[in-house]
Amino acid sequence: MSRRTALAILVIVVVSAAIWAMLVALPQRVAPDEAGPSTPGAGPATAERRITATLYFISEDGLSLVGVPREVVFGEPIVLQARRIVEAQLGPAPAPLAAAIPDGTTLRALFISERGDAFVDLSGEARANHRGGALDELFTVYAIVNALTVNLPSIARVQILVEGEEVDTLAGHVDLRNPLHQSLTWTGESRN
Amino acid sequence: MTRPFTAFALTLVLAALGGAPAAQAPSSAAPYTVLSREAGRQPLAARTIGGQEMFALEDLARLFGFTFAEDTLAGGLTVTVRGQSIVLTPGQSIASVGGRLVSLPAPPAREGRTWYVPVDFVSRALAPVVGTPLELRKPSRLILLGGIRVPQVAGRVEPQAGGARLTLDIAPATPHTVSQEGQRLVIRFQADSLDASLPTTTAPEFIQAVRPGEAAGTVAVDLGPQFSSFRSSATPGDRGAERLVIEVLPAAPPAAPDTPPPATPAPEPPPLLDLAPAGALRTVVIDPGHGGEEEGARGPGGTLEKQVTLAVARRLKAALEARLGVRVILTRDGDQTVGLDERAAVANNNKADLFISLHANASVRPAMAGAEVFYLGGDDYAEAAARLGGERTALPVFGGGTRDIEVIPWQMAQVRHLQQSAGFAQAVEAALRERVPMSERAIHAAPFRVLVGANMPAVLVEMGFITNAEQEQQLTADAFQQEIVQALVASVIRFRDFRGGATP
């Protein structure tokens, strides 16, 4: 009896330890360090680490941008994280939302100045494939401006370049000659 | 063929003047007359100095209520009008007006203790800052103050088969009536006074004289012995002017009654003109969005934004010219590519009082519909406005030294007009809402490139969503375009009246 009791206790202890390891200890070691992407990452794990960032897409009714939390690959230093966020922003929209950036647009380069101005160099599709229309042009511009400034507070302003050059506008309306501040005017309710 | 009579000009207002005190100096020139509703007629002495007609600065200060002071250190004259400064420098025919340089035909001159400025000082330096409409008419030696209505009336009398014809060109078009009072016709204009050059007659048997009437704003036509009846008609002319033709007819030979139907106001012009007291609104620039290679948005049926904007712009131009008598300029009148800076430049170079950019919207959502109105705004421009508030730069001036002037960069011109632009945008939104479907977010401030450089109140109107199949059809339809035009005309009138009333 006592051997059986001892065996039972051993089994319970082992199972409890396994459950504790699965639920508590392991996730802490593997989970991404969301609070501080600037802390040095654990070398080999960096490729798989992700942060949650708010990205912007066009609402179902077409009246506003909608902020959506999405997992984005962790990047270090900040300029790499900014690239990852813009790349995710250029990707497809989650249904039923629509992408604010013209199809086929890619990120050519991204720099951040000492003053906290980010320069986002987009491929020519950003202009060539734009449908036109002032409202959708506002959505295109502020999806990018807000995705960077909302998720990375050290970025104060964003200027969009096309094919490496400054441009007046993407489709004839929004002034892109200077870096723009974040504007949530065009953003409706956030969806989780 | 001989010319029996040579027409000579008769300036009504001057004839009515009588006894204006002229400057005592031998070089005195004929005086000008300042006309305003509040003070009526006031003479303003002029004199010729160095071949230039000039006014004494102290006379102008008294009439227009400004102060001036001599800067003994810098050797300049500073005129302060409603908190704005005009800086004059002896020996230089340039004045700084509220920070902008304007040229004058001659430098200010001094005789004894009196300073004199060229006559053009009134139109070039004073008018922009005096805060009320101010117009200098050199040929008729008139200065019109405060939106007073003094149309120019010029005419001729021609004999024609069996009668005579009096043609009067009236600028701007002004409502009037023509009535027969005994042996004369009286043309009464809805005007405070007339700036008239009336013709001598060439057909005395029908028209003996065309002369100023007894009352202000009237013209009397003394009829000749062969007069029996008359016909009058008015047609719109160029640039908001109007032509009035009065045909004086003899009695029909066989069986005409002695007394013709008195004053048959034949085809009177329809009361088209809106004649609320005119504010400072003289020129409106309409910007048909896109054009040429820049097609703008495209509807599902293939309609291009650039086509719709041009069509509505042309209609709006015609309507504003006909109803308000203002000068209207389009930034493009065909299918050509025009840069965004060029569009604002057209407005700035023509000193437009209002800039309206017309567009059609597009959305990834085909159901999206309704008109929207935008004015320039956003944190980026509010910041710039705050920065510009007190920015002064020392610039070198001719003859050595420097002067502080206010500098507004070209690309920030709109910042000074944000408040008026927002006010006008609200008027447009309200007028559109009465006539066409509106978007749920119908009025907004946005960093729109075409508005940034416009140095006057400016809005951008998205008339509807061309990507919505139903709205695409509406945007090309006469009726819908006409509704948009009516709404914009109504809001321009509101804006004009507001400005006219806001600047007493």
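Student: How many helices and strands are there in chain B?

Tutor: This is a predicted model, in which local features need pLDDT of at least 70, side-chain atom pairs count only at pLDDT 80 or more, and totals for chains, interfaces and linings use all residues. Residues are numbered from 1 along each chain as its sequence is written, chains are lettered from A and ligands numbered from 1 in the order in which they are written, and side-chain values use heavy atoms, hydrogens and water being left out. Helices (H or I, at least four residues) and strands (E, at least two) are DSSP runs, numbered from the N terminus. Under that rule, chain B has 10 helices and 29 strands.

Student: What percentage of the residues of chain B count as buried?

Tutor: A residue is buried under 20% relative accessible area, exposed over 50%, and partly exposed in between (1.4 Å probe, protein chains only). Of the 504 residues of chain B, the share that counts as buried is 51%.

Student: In what order do the elements of chain A run from the N terminus on?

Tutor: Chain A holds 4 helices and 7 strands. From the N terminus on, their order is α-β-β-α-β-β-α-α-β-β-β.

Student: What is the area buried between chain A and chain B?

Tutor: The size of an interface is often given as the accessible area lost when the parts come together. Here the loss is taken with a 1.4 Å probe and summed over both parts. With contact meaning heavy atoms within 4.5 Å, 32 residues of chain A are in contact with 31 residues of chain B. Carbon and sulfur atoms give 55% of the buried area, which is about 2,500 Å².

Student: Which element supplies the largest share of the side of chain A that touches chain B?

Tutor: The rule finds 14 residue pairs in polar contact across this interface, both residues at pLDDT 80 or more; a polar contact is a pair of N or O atoms within 3.5 Å, where within protein one must be able to donate a hydrogen and the other to accept it, and residues adjacent in sequence count only if both atoms are side-chain atoms. Helix H4 (134-151) and strand E7 (180-181) of chain A each supply at least two residues of the side that touches chain B. The largest share, 5 residues, comes from H4(A).

Student: Which residue of chain B forms a salt bridge with Asp168(A)?

Tutor: A salt bridge requires a side-chain nitrogen of Lys or Arg within 4 Å of a carboxyl oxygen of Asp or Glu, and the count between chain A and chain B is 2. For Asp168(A), the closest N and O atoms are 3.2 Å apart, and the partner is Arg449(B).

Student: Why does the salt bridge of Arg449(B) with Asp175(A) join two chains, and in which helix does Arg449(B) lie?

Tutor: The closest N and O atoms of this pair are 4.0 Å apart. Asp175(A) is buried, with a relative accessible area of 2%, and Arg449(B) is buried at 2% as well. The pair joins two chains because Asp175(A) lies in the loop between strand E6 (165-166) and E7 of chain A, whereas Arg449(B) lies in chain B, in helix H8 (residues 449-452).

Student: With which residue of chain A does Asp175(A) form a salt bridge?

Tutor: Asp175(A) is a partner of Arg449(B). Within chain A, with closest N and O atoms 2.9 Å apart, Asp175(A) forms a salt bridge with Arg177(A).

Notes
Buried area = accessible area lost by both parts, 1.4 Å probe.
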